[in-house]
Amino acid sequence: MYTIRRIPSCCHRVPPGHPQLPLKRQFISSRYAAASAPHGSGDGDPRLSHLGKRIHDDYAHIRDHYATPKLPVVLAHGLLGFSELHLTPQGLLPPVHYWRGIVEALKANGVHVITTSVPPSGSIEQRAEKLARGIADAAGGHEVNIVAHSMGGLDARYMISHLRPANVTVRSLVTVASPHHGSSFADFVFREIGNENLPRLYKLLARLGLETGAFEQLTSTYMAESFNPRTPDNPETKYFSYGAMVDRLPFLSPFRQSLGVINEAEGPNDGLVSVASSQWGTYKGTLVNVSHLDLINWTNRWRWMLRSLVGIKPGFNAVAFYLAITDMLANEGC
């Protein structure tokens with residue numbers, strides 16, 4: 001349980017362009033509350049009733065065959081993400097890939113893959129504009145499918161609904177653990193910081209070269225009161241979504257605190273995004289025992305190697321998961 005100190009309103013000093021965040025917040029949105037009402041699931045916690053299809057080991061192994069979609073697939077990364085990151089000059093070390101091994105596997109199956117790169121911590125609007133330009137440059141006027149991880153799903157939704165670039169038509173959007181209804185951990189962090197401390201923090205991040213527009217847009221208040229009401233779905237685009245949940249994380253995981261905070265406020269989550277917040281459009285199901293980083297194949301391979309020595313086999317293969325998504329898109333005629 002976390003204690004939240006109320007800050008007197010006279011002490012708030014937030015510069016223009018950085019709206020104050022409410023100190024009192026309803027953690028569970030109306031959409032979540034409706035979804036989490038008991039439906040006779042048999043689980044003790046009624047919050048488990050909204051999980052949809054529970055996917056345990058459907059993507060543990062790569063199948064022999066996957067259909068190939070006829071349209072290009074755009075991969076859109078999340079907060080603080082990148083397409084390819086070079087850690088040393090002149091290629092002394094191989095680059096780090098956000099979509100680790102996934103791009104290569106999709107291309108090997110004949111998928112036309114487009115990877116995009118947007119401002120890591122820029123606002124949704126900034127990221128969406130860069131996403132639109134990246135697709136327009138690479139797709140050559142073709143219709144595309146977008147598969148987005150985490151905040152990338154919000155960028156894509158904004159681009160589809162608001163920007164609608166003339167030479168970019170999105171046939172489908174598949175979001176993977178995207179915070180469509182905001183994050184209670186973002187709410188928690190802003191509460192702990194306090195509105196009076198935000199200007200100093202923003203100045204520090206600016207000195208480090210980090211934009212700050214993304215952070216407050218991930219709060220549940222912003223998503224519920226601003227983004228979602230003014231970002232309707234495009235009827236010409238098919239929307240699909242997946243969520244994930246994990247019971248515990250390794251001791252050194254950076255998401256151990258967020259896992260607990262989100263579980264307390266919203267229920268099952270992958271360490272950063274709750275299952276409830278992940279749901280948008282046609283919900284395809286909840287990946288069980290899969291973390292936010294597992295979803296982009298950043299699983300600690302040493303951990304799985306040690307587990308395999310005691311007979312514990314991995315229940316999730318990210319490469320198999322994204323191959324299955326493209327197979328689903330092919331069957332949808334995309």
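This is a predicted model: local features need pLDDT of at least 70, side-chain atom pairs count only at pLDDT 80 or more; totals for chains, interfaces and linings use all residues.
User: Let's start with F321: is it buried or exposed?

Analyst: Burial is read from relative accessible area: buried means under 20%, exposed over 50%, and partly exposed in between, using a 1.4 Å probe and protein chains only. F321 has a relative accessible area of 1%, so F321 is buried. Residues are numbered from 1 along each chain as its sequence is written, and side-chain values use heavy atoms, with hydrogens and water left out.

User: What kind of aromatic pair do Y242 and F321 form?

Analyst: A pair of aromatic rings is described by the distance of the centres and the angle of the planes. The cut-offs: rings of Phe, Tyr and Trp (its six-membered ring) pair if their centres lie within 6.5 Å, and planes under 30 degrees apart count as stacked, over 60 as edge-to-face and the rest as tilted. By this rule the count comes to seven aromatic pairs. Y242 and F321 make an edge-to-face pair, with 5.0 Å centre to centre and 85 degrees between the planes. Y242 sits in strand β8 and F321 in helix α12 (residues 318–331), so the pair ties together parts that are 79 residues apart in sequence. Y242 is buried too, at a relative accessible area of 4%.

User: How are helices and strands assigned, and how many does the protein have?

Analyst: They are DSSP runs numbered from the N terminus: helices are H or I with at least four residues, strands are E with at least two. The protein has 12 helices and nine strands.

User: Which residues do the ring pairs link into a cluster?

Analyst: The cluster holds Y59, Y98, W99, Y242, F316, F321 and Y322.

User: Which residues have the most contacts inside the largest nonpolar core?

Analyst: A nonpolar core is a set of buried Ala, Val, Leu, Ile, Met, Phe, Trp, Tyr and Cys residues joined through side-chain atoms within 4.5 Å. The largest one here has 36 residues, and Y59, L287, L295, F321, Y322 and I325 have the most contacts inside it. Elements giving two or more residues to this core are β2 (73–76), α2, β7 (169–176), β8 and α12. Helix α12 provides the largest share, 10 residues. Another core lies apart from it, with 31 residues, among them A148, M223, F227 and W280.

User: And what is I325 in contact with?

Analyst: Contact means heavy atoms within 4.5 Å. Leaving aside neighbours within four places in sequence, I325 is in contact with V147, V174, V176 and Y242. From helix α2 (residues 102–108), take A105. A105 is buried at 19%.

User: Where does the charged end of R157 sit?

Analyst: The rule is that NZ of Lys or CZ of Arg must be within 6 Å of the ring centre and within 35 degrees of the ring normal. The charged end of R157 sits over the ring of W280, 3.7 Å from its centre.

User: What does the side chain of H77 reach?

Analyst: A polar contact is a pair of N or O atoms within 3.5 Å; within protein, one must be able to donate a hydrogen and the other to accept it, and residues adjacent in sequence count only if both atoms are side-chain atoms. A polar atom of the H77 side chain lies 3.1 Å from the backbone nitrogen of V118. H77 is in the loop between β2 and β3 (84–85), and H77 is buried at 1%. For another case, the side chain of S183 reaches the backbone nitrogen of F185 at 3.1 Å.

User: What is phi of S150?

Analyst: Most residues other than glycine have a negative phi. Phi of S150 is near 55 degrees, a positive value. S150 is in the loop between β6 (143–149) and α4 (152–163). R164 also has a positive phi, near 40 degrees, and R164 counts as partly exposed at 48%.
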